[in-house]
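Student: I have a chain open on my screen and would like to go through it with you. Could we begin with a single side chain and work outwards?

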Amino acid sequence: MELHDTSLSQKRANQWRRWSEDVIPSLLVPYLSYIQQTSVLHYTNAPGEAQQDLAVCQAGCRTRSITVACVHFDALKEINIITCPCFPVPLQLLRRGLFLCAPLVPSLAVDLRVLEFVRLLFVHQAPNQTTWCDAVETFLDGMGYKLSCKNNLRRRFGNTFHWYRVLSILARNHISSIIADVWRGQARIPLIDQPSEYLRSRCLLCFGGNTCHEADARSIPDIIVCIDACFTQKCSTNPRSASSIDPPNPTPTFFLSNDDVKAMEDFVNSCRGERRRTRASRAQEEEDRYEEGMRVPVSVLNGCGESFVAADEKREKASTRFFTDTGLMALLCRHDRVLWLANLTSAGEKQHYALALLDQLFKHIPPQMTVGLLYDIGCQLERSCRKWNLLDDNTLSRLSFAVAVFHAYGHQWPCQIIYHPRKREGFGLSDGEGCERLWSSLKQLIPSLRVSGFHQCLFVLDVQIRHLDTKSIQGYGHWLHWRWLHCQIKKNVALDGLQDLDVNEDILRAEWKAQIAHPTRPIPRQSKNKAAEVITTILALEKTLDAHETSVRELEMQLYVGAVANVVEFNLQLADARSRRAKIADTLRRRKATLGPQGQADLMTMKNDIFLTIRLNARTVKTRIRDRLRQRKFELERLERLYRATVNEHKLRLNTQYSIKRQEPAILKLVSTYNGLCTQLQSLIRQWRAPPSAIPPHLIARDGIFLLDVDDEIWQDIGLNDEGMHPPAWLSDEATRSGIHLQLELDRCIEEETRLRRERSVMQEWMLAEWEAVQTVLRDPANDLVMPFHLKARTEELLCICVIWRNKVREIPCACPVESWGPTNEDLLRAARDQVQSSFFQDDDDNESVGVVDECDKDGDPAYSEVGDDELMDAIEEVALADEYRYQDEDLIDDVEDSFMPSSPTKSTPKKRCCI
């Protein structure tokens, strides 16, 4: 048995090598020629009629007769092929419009038009070759066509379809490489000062400019990228315990090699090992401090690490026992274009994957280019890079870290004011949630890839990403148009608000710096009134311990009554709650032990202080509200990622929805309790029963409490701490606080405006360079009859894109003057007329429901999603992913309806159908 498996694996490897090295390269030019002769499969020859003479060999070679079953849209026919070395079977079948299932002696061939239809079908819906083949077999059987044995089509169609996709990808890359070679010869600046050719092909708005842009003011990064991991794209362990994996494909891939990822893992482990040995003898410090290069103290970073699951590398997210590949990590630009992917093989989200992606990026960009990184745990990644020297100083100086907008709620407030992209300079209105939109676009592949081979899984993902690239290229114009309008609206609102407040800009900026410095300062180790500080800490710890006791009792009650959806996750949550309770109880015990007799007496006195007791209660309740809201957000995020509709996961989704709804009254009750305590504090201040420096705390509004926006009152502890005799304006003056928010919003809008102007210029530069390169190749007299046809098709494609782009970005000023778009006005007018005459837009009365929902982060990208439960709309709006939209044509090349802004170029491509 073992010998048979080895022989079968060797046979499969030999066939794979013959496909990759012999058959596909030999068919590349004939395939392009056939596409030209049939006008992109518009016409085709009947099998066995016009090409019979191809089988006649004049050299007297030894021939062989082969019978091949041919699958067409409406028939199943058998043909006889006489083959010899001069006229191999693959070439003969291709000239008949067929593609074979085996490189030497095929028994099945499929019509190219059928394969092209299936190729397009499987990138628009979940690929399922078994279902497709069963339907075709049943359809042909009903027409009287019989196959020789059961499952004959399914077993051979998969091989045919796979290698046809390989051929089509390499054919398009062949044409693109010819144009790219010409572009390199026409480059106006040295190639060393430009991003790599690979990055230029990935996103033209980020890397496609032909001129060198100088660094803008306000330290705006040259490009903005985001990183995130997904643990739903898993691959099951081979149940047969096969020792080998399927062979690699000859097509380019977006995935990092396993060797690169492993090398980064070894490097990270070696760095951490060396630093741990040097720090092993250092006594643990109780004093809070700044780590080297960080703007946030250790206590805040530790709090972020505890609240974010992704920051805990030891938390198991996908079992390595049942899954060989546990997930994906992606690096995307701000236009949702995939730059690279990494295949995850560990149970958790380890940092070496993100570092491997960043290392690859910096290898492909010029040494002067700067990068802004949006990552859910960007603070933790920067901390590790500086603490363990994982990135060199030059790379760190060119890299700005921030957290993604929709996941900022998991961070401590001091961390948010440093790392939130709406607070940090240079990030404009980018949200960093492109990876979430990518996972939504790939969710249809989850079932089939769960049982696919390793390289087949990578190949299918690469194919789907190429399809998203094709969809997004026209969407660039719409995306820039709506981002510009959105930016102008927000900018005007901020300017009007600042004008109404009439607060000096210098004062606002000074107060903002003071506001940053206050919560981000380390907690002092010593103070003049140490005993009073310890007593206050003990009182706060007692309230916190009571809250944790209540939380543990609630979890234990859920376990007792059996209201648990996922026992494994629930046990982790319960163990975590018990651990926190034990840790706080131990801290409280040690703090009390440090008090002497006088301290014990002062503790009892302060417990009898009504104002102090109520204030501590209010602070504890507010902390509990924040924790509850964070937990609710994390549950909603898990709810949004439950893509596979299996029975167990459907039950989990229903239980999660029920749990979320059940938590809302409890959170609202806590808000009412907190507001009641604040009212009591205000009453005591009015009655002069509070310290002279006491500030009345702000009430929490019930409306919008579940949004957890970065500027909500829930993050501010105004009036709940000892702020001194003279509170600063950013704390006590409402006009100053509102002015700071508006000034920051204005700054981000100006940054976004600057970036959009640059991207508009790059768009025109790319179109001009691409057009000139295509025209140069067309004028080459060495071209045969085949290449001009495909270059002219590329020309028409560029014309259609240019018509849309030029119309959509006409109101956006150019950052750098560009002489023209490339095509003449006559060409553009003809292309616009052809677009209207050869296409129509979908009606709005189809079954798709697309609605506009409010923004979670009030200055982020709007999200579009189908909302099935109105009661959950306020909860899932900030994590709902972008959906496709439709519009109606107004005139020849007019704007679409001004109703919303697409969050992704991929999602904003209008749907069209060409009339044949």
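**Charged pairs and packed helices**

Tutor: Lys-363 is exposed, with a relative accessible area of 57%, where exposed means over 50%, buried means under 20% and partly exposed lies in between (1.4 Å probe, protein chains only). This is a predicted model, in which local features need pLDDT of at least 70 and side-chain atom pairs count only at pLDDT 80 or more, while totals for chains, interfaces and linings use all residues. Residues are numbered from 1 along each chain as its sequence is written, and side-chain values use heavy atoms, with hydrogens and water left out.

Student: Which side chain does Lys-363 meet in a salt bridge?

Tutor: Lys-363 pairs with Asp-359 at 3.2 Å, N to O, a salt bridge being a side-chain nitrogen of Lys or Arg within 4 Å of a carboxyl oxygen of Asp or Glu. Both lie in helix 10 (residues 351-363), four residues apart, about one turn of the helix; helices here are DSSP runs of H or I with at least four residues, numbered from the N terminus. Asp-359 counts as partly exposed, because its relative accessibility is 31%.

Student: And Arg-748 with Glu-751, how far apart are the closest N and O atoms there?

Tutor: In that salt bridge the closest N and O atoms are 2.9 Å apart, and both residues lie in helix 24, three residues apart. Arg-748 counts as buried at 2% relative accessibility, and Glu-751 counts as buried at 1%.

Student: What does the salt bridge between Arg-202 and Asp-469 tie together?

Tutor: The two side chains meet at 2.8 Å, N to O. Arg-202 lies in helix 6 (residues 197-202) and Asp-469 in helix 16 (residues 454-501), so the pair joins parts that are 267 residues apart in sequence. Arg-202 is buried at 4% relative accessibility, and Asp-469 is buried at 12%.

Student: How many salt bridges turn up in the whole structure?

Tutor: The search finds 25, and a network of salt bridges links Arg-172, Glu-770, Arg-794 and Glu-797.

Student: Changing topic, at what angle do the axes of helix 17 and helix 24 cross?

Tutor: The axes of helix 17 (residues 505-517) and helix 24 (residues 734-778) cross at roughly 95° and come within 9 Å, the axes being lines fitted to C-alpha atoms over the stretch in contact, with angles from 0 to 180 degrees between N-to-C directions. Helix 17 is therefore roughly perpendicular to helix 24, a term for angles of 65 to 115 degrees.

Key
Helices (H or I, at least four residues) and strands (E, at least two) are DSSP runs, numbered from the N terminus. Angles under 35 degrees count as roughly parallel, over 145 as roughly antiparallel, 65 to 115 as roughly perpendicular and the rest as oblique.
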